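Take a walk through this chain.

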Amino acid sequence: MRAIIKGGRSLEGSITLAGAKNAATKMMLASLLTDEPCILYNFPDIGDTEITAELCKKIGSTIDLRHGTLTIHTPEIKESRVLQLSRRNRLPILALGPLLIRAGEAEVPILGGDKIGPRPVDLHIEALKALGAEIEVTPESYRASAPKGLHGAEIAFAFPSVGATENALLASVRAKGKTVLRNAAMEPEIIDLIKMLQKMGAIIELGSDRTIYIEGVSHLHGTTHTILPDRNEAVSFACLAIATNGRIFVHGASQDHLITFLNVIRRLGGEYEVAPEGIAFSRKGALKPVHIETGTHPGYMTDWQQPLTVLLTQAEGMSTIHETIYEDRFGYTEDLNRMGARIEPAHGCINGICRFSGKTFNHSAKIYGSTPLSGTNMKIRDIRAGIAHVIAALVADGTSEIDGMEELDRGYEKIDERLRKLGADISRVKSA
Ligand code: EPU
């Protein structure tokens, strides 16, 4: 699908956040741990939840999504070897733990997902092996069995990976004995997943220094849970408000999840007002440059660098971004440069050394502003690059055509309709 966007207008009004993509998909997989129904409120109707629904249905779940409420029920595991999926994201590997617990064996396809670097899964595999799984990696799949069942283990992650932490959680809550996860990721979406698991009957303690303690239980039951609002959407709409010199009230935006981002907004000269129901974003005057390093929570999230980069093309002076989470997440800046931006990606570290030091891929960027942007044709390469394209097109003079909108639809619910309510001139046609 292709979006046609006429830019140059300030966007004004109120927008309500959908439930967080990166929690909703994991919660669907958490529901596989019980034979009772789970009900998820504030459920986002997006491409990634559809892809995950296909996986769960093949496994044996019945799924009903109505008015933002998902009911998912897997009374029995019908298929623990799920290889044929029409589309893929990075979720199937997280089904291994629940399938091993309920069926003793599992096979899921090698991951798909965004093209933002090699994205190895060594930490997932090491954690599952420590918990007692035997895993064979074939050219198409991960094949796992647990002849003696899963058992507790002490796991120290070399890096606080979001996916590996979630994988270890899902595999250990019903394993025999105690598990300790050290150097675990503590993203708000992971805490929300833990809250759901706790309601299902799990025993999980949060320790200091990124440590999670899990006491395995033999049975989990169904539950209801309201998914936290999507903080990545919140940041996208905040950048959109400030970049277009408008004012947007982001209903559902939570200060708790955005403390690091709000500091950046204050430093660059954006304005925000926190209310009980959400946060309003606007601009005070000229924007100032900032220096950002992405990191695991509570650091500045990697999914927030793309919308911010568009904003920084409108700041007076040189800003820098050091991407320390993904190897290859600056590809979209080529398109912004074709629109008139001056962004220089480089492979050296910037303002400090990270684990990518000495590697040859671009993981830092200098952004020189302010530069007017003009409309052009672009193709989306991943979800967050996609929202950067859309924001840039809405800031730019003239018309832009953006191909690959289905990538954006994987993470942003009914995006065209919601942006139109803010005054955006956006329509969609089938790609040529
Ligand atoms: N990594 C390893 N080995 C592993 C796992 C990860 O080296 O076994 C590396 C990755 O290659 C990457 C880094 O660790 O360089 C971070 O990966 P992590 O596992 O933390 O991320 P993820 O689980 O693959 C999730 C989100 C991403 C988000 C990151 C960071 C989902 C489905 N995806 O990915 O979201 O950027 O955490 O917060 O939850 C998005 O929503 O657009 C998106 C890409």
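Which backbone nitrogen does the side chain of Asp230 reach at 3.0 Å? The backbone nitrogen of Glu233. This is a polar contact, defined as a pair of N or O atoms within 3.5 Å; within protein, one must be able to donate a hydrogen and the other to accept it, and residues adjacent in sequence count only if both atoms are side-chain atoms.

A word on the source. This is a predicted model, in which local features need pLDDT of at least 70 and side-chain atom pairs count only at pLDDT 80 or more, while totals for chains, interfaces and linings use all residues. Residues are numbered from 1 along each chain as its sequence is written, and side-chain values use heavy atoms, with hydrogens and water left out.

Stay with Asp230. It is found in the loop between β13 (224-226) and α7. Helices (H or I, at least four residues) and strands (E, at least two) are DSSP runs, numbered from the N terminus. Asp230 has a relative accessible area of 4%, so it counts as buried. The classes are buried under 20% relative accessible area, exposed over 50%, and partly exposed in between (1.4 Å probe, protein chains only). Leaving out residues up to four places away in sequence, Asp230 touches Leu17, Ala18, Gly19, Ala20 and Lys21. Such a contact means heavy atoms within 4.5 Å. Asp230 and Ala23 are 207 residues apart in sequence, yet their C-alpha atoms are 8.6 Å apart in space.

Now move to Glu233. This residue lies in helix α7, residues 231-243. Glu233 is buried, because its relative accessible area is 1%. A polar atom of its side chain lies 3.0 Å from the backbone nitrogen of Ala18. Neighbours within four places in sequence aside, Glu233 is in contact with Thr16, Leu17, Ala18, Gly411, Tyr412, Glu413 and Arg418.

Next, the backbone. Most residues other than glycine have a negative phi, and most peptide bonds are trans. Look for the exceptions. The peptide bond from His297 to Pro298 is cis, with omega near 10 degrees. Pro298 sits in the loop between β17 (291-293) and α9 (305-312). Gly369 and Ser370 are also joined by a cis peptide bond, with omega about -5 degrees. Ser370 is in the loop between β20 (364-369) and β21 (377-379).

Two asparagines come next. Asn42 has a positive phi, near 60 degrees. Its loop runs between β3 (38-41) and α2 (47-59). Asn42 has 29% relative accessibility, so it counts as partly exposed. Phi of Asn245 is positive too, near 60 degrees. Asn245 lies in the loop between α7 and β14 (247-251). At 45% relative accessibility, Asn245 is partly exposed.

Finally, step back. The chain has 13 helices and 23 strands. Its C-alpha atoms fill a box of roughly 65 × 45 × 45 Å, taken along the principal axes. Buried residues make up 58% of the 432 residues. Of the contacts with a separation of 6 or more, 74% are between residues 24 or more positions apart.
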